[in-house]
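Reader: I am new to protein structures and would like to learn how to read one. Could you walk me through it, step by step?

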Amino acid sequence: DRFGTADEHVFRVADQIQRLVPGVDILVHTLMQGFDEDSYRKRGYKIHAGDINNIDVNQLFEAWTMFARADVLVVDTSSFSWVPAFFNPNCVIYHPYRLHYGKDRAVLNSWEPSTDEAGVARCVLRQVQARADTAAGKQ
């Protein structure tokens, strides 16, 4: 859609992650008015919806903390998700898009574009291995 990533794109990336990590919890955070929660709930996603015109600082910090600590963070074109993504040391998958003057948005080298299925798989599986290593006491 005009201000965010199309639902079909979100579903495609989430489906890929679910194939790689069956049973994974997917949390969708949105501040968009008119967001179609039913499409996401039918797929088993958890929804955290807010109102961009009524967000308080505690809600902002709660959301950004979740984003910065997520094992796998998929960000859309919204700057709301990009700010905490820079603090996420884990797997960050971004939706590539072009700015009005035609240049690609700058990203960190460790981030993977959502359009690169192999890159998404590498990112997700790296994080799964890191979690397994941590659980086994390896660092």
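Author: Gladly! We begin with helices and strands: these are DSSP runs, numbered from the N terminus, where a helix is H or I with at least four residues and a strand is E with at least two. Q127, for example, lies in helix α5, residues 117-135. Please keep in mind that this is a predicted model, in which local features need pLDDT of at least 70, side-chain atom pairs count only at pLDDT 80 or more, and totals for chains, interfaces and linings use all residues. Residues are numbered from 1 along each chain as its sequence is written, and side-chain values use heavy atoms, with hydrogens and water left out.

Reader: How many helices and strands does the chain have?

Author: There are five helices and five strands. Along the sequence they follow the pattern α-β-α-β-α-β-α-β-β-α.

Reader: Is Q127 buried or exposed?

Author: Buried means under 20% relative accessible area, exposed means over 50%, and partly exposed is in between (1.4 Å probe, protein chains only). Q127 has 10% relative accessibility, so this residue counts as buried. Of the chain's 139 residues, 32% count as buried.

Reader: Which residues is Q127 in contact with, beyond its neighbours within four places in sequence?

Author: A contact means heavy atoms within 4.5 Å. With those neighbours left aside, Q127 is in contact with D71, V72, N90 and C91.

Reader: C91 is a cysteine, I think. What does a disulfide join here?

Author: A disulfide is a pair of cysteine sulfur atoms within 2.5 Å. The structure holds one, and it joins C91 to C123, with an S to S distance of 2.0 Å. C91 lies in strand β4 and C123 in helix α5, so the pair ties together parts that are 32 residues apart in sequence. The torsion about the S-S bond is about 130°, so this disulfide is right-handed. Both ends count as buried, C91 at 1% relative accessibility and C123 at 2%.

Reader: Which residues make up the largest nonpolar core?

Author: In soluble globular proteins, nonpolar side chains tend to be buried together. A nonpolar core is a set of buried Ala, Val, Leu, Ile, Met, Phe, Trp, Tyr and Cys residues joined through side-chain atoms within 4.5 Å. The largest one here has 12 residues, among them L31, F67, W82 and W111. At least two residues each come from α3 (57-69), β3 (72-75), α4 and β4. Helix α4 gives the most, with three residues.
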